[in-house]
Amino acid sequence: MLHSPRTVSDVMTHTVIAVGREARFKEIVELMEQWKISALPVVAGEGRVIGVVSEADLLPKEEFRDSDPTRFARSLSDLAKAGGLTAGEVMSTPAVSVHPDTTLPQAARIMALRHIKRLPVIDAHGLLQGVVSRSDLLKVFLRTDEELADEVTRTVTAFLFPDGAVTVAVEGGVVTLGGEIRDRTLVPVAARLTRAVEGVVDVRVEPAEPAPRTPPR
């Protein structure tokens, strides 16, 4: 049976520091410094996420401190943020967010494409459930070699090579598939499925040479 992919709910931080729309600029900076985080969800009502304030949202105030922002601001958004005093005035909205059942590769792609470090995790009603960060997504690489070998054996080699002739060895997260692979057409499939196991750094396939056949006498 193939493994189920891990999701954001497996690694996200459930205790979240968030602010309301009226949070003051200095309060936001102090919270970021206190909790060593780069962004804060902005919530309204019972916890509905309406935006995110990140370091990038706050920087225009410092960037244009000694110049006229109306001349140098790259956009109307930067111009507004340079004069903003509250979370509601400087936040990015709508917030880029994910749901708890988002897979880790999907969350990683969103972060890479949007150039962001943290994503609010919301439920179907838009209510804040947690936060997932780049460091959270990297937690899968803390899995031990023994754990990886066990999962690859159970979910890949036992599935594709039930005769038990294919071996699994893991060192530093790098999986080596060895032994006698009779059907070489399954090699790309095995490599792809192994690479899909969370925590696998790389995959190598080193099949043993088949033993020479003894001619009949």
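A salt bridge is a side-chain nitrogen of Lys or Arg within 4 Å of a carboxyl oxygen of Asp or Glu. By this rule, D202 and R195 form a salt bridge, with their closest N and O atoms 3.6 Å apart. The structure is a predicted model, in which local features need pLDDT of at least 70 and side-chain atom pairs count only at pLDDT 80 or more, while totals for chains, interfaces and linings use all residues. Residues are numbered from 1 along each chain as its sequence is written, and side-chain values use heavy atoms, with hydrogens and water left out.

Confidence comes first. pLDDT is the predictor's confidence in each residue, from 0 to 100. Its mean over the protein is 89. A value of 70 or more is reached by 85% of the residues. Helices (H or I, at least four residues) and strands (E, at least two) are DSSP runs, numbered from the N terminus. Among these elements, strand β1 (residues 19-20) has the highest mean pLDDT, at 98. Helix α4 (residues 69-72) has the lowest, at 52.

The strands were examined next. Two strands pair if DSSP finds at least two bridges between them. Three strands form an open sheet in the order β1-β2-β3, with mixed pairing. β1 and β3 each have a single partner strand and stand at the edges, so one side of each is left without a neighbour in the sheet. β1 runs parallel to β2 (residues 39-44), and two bridges join them. Here V19 stands opposite V42 of β2. β6 and β7 run antiparallel and are joined by six bridges. In this pair, E171 stands opposite V174 of β7. Two residues lie between the strands of the β6 and β7 hairpin, where G172 takes a positive phi near 60°.

The charged side chains give a further set of contacts. The count comes to nine salt bridges. R182 and D163 meet in another salt bridge, at 2.5 Å from N to O. R182 lies in the loop between β7 (174-179) and α10 (187-195), and D163 in the loop between α9 (145-160) and β6 (166-171), so the pair ties together parts that are 19 residues apart in sequence. R182 is exposed, at 58%. D163 is also exposed, at 51%. R143 and E151 form a salt bridge with closest N and O atoms 2.6 Å apart. R143 is buried, at 15%, and E151 is buried, at 5%.

The search used a 1 Å grid over the protein atoms alone. A cavity is a set of points where a 1.4 Å probe fits but cannot get out. A pocket is an open set with protein on both sides within 12 Å along at least five of seven lines. Lining residues have an atom within 4 Å of a point. Grid points are joined across faces, edges and corners, and a volume is the space filled by probe spheres set on the points.

The largest pocket holds about 380 Å³ of space. Its lining has 18 residues, and S54, A56, D57, H115 and I116 lie nearest its centre. β3 (48-54) and α3 (55-63) are the elements that give two or more residues to this lining. α3 gives the most, with three residues. For classes, Ala, Val, Leu, Ile, Met, Phe, Trp, Tyr, Cys and Pro count as nonpolar, Asp, Glu, Lys and Arg as charged, and the others, Gly among them, as polar. The lining of the largest pocket divides into seven nonpolar, four polar and seven charged residues.

The second largest pocket holds about 280 Å³. It is lined by 14 residues, with L104, P105, V140, F141 and E198 closest to its centre. α7 (104-114) and α8 (134-137) each give two or more residues to this lining. α7 gives the most, with three. By class, the lining has 10 nonpolar, one polar and three charged residues.

One cavity of 30 Å³ or more was counted. The largest cavity has a volume of about 50 Å³. Its lining consists of A39, L40, P41, V52, R118, L119, P120 and V131. β2 and β4 (118-122) each supply at least two of the lining residues. Seven residues of this lining are nonpolar, none is polar and one is charged.

Note on methods
Buried means under 20% relative accessible area, exposed over 50%, partly exposed in between (1.4 Å probe, protein chains only).
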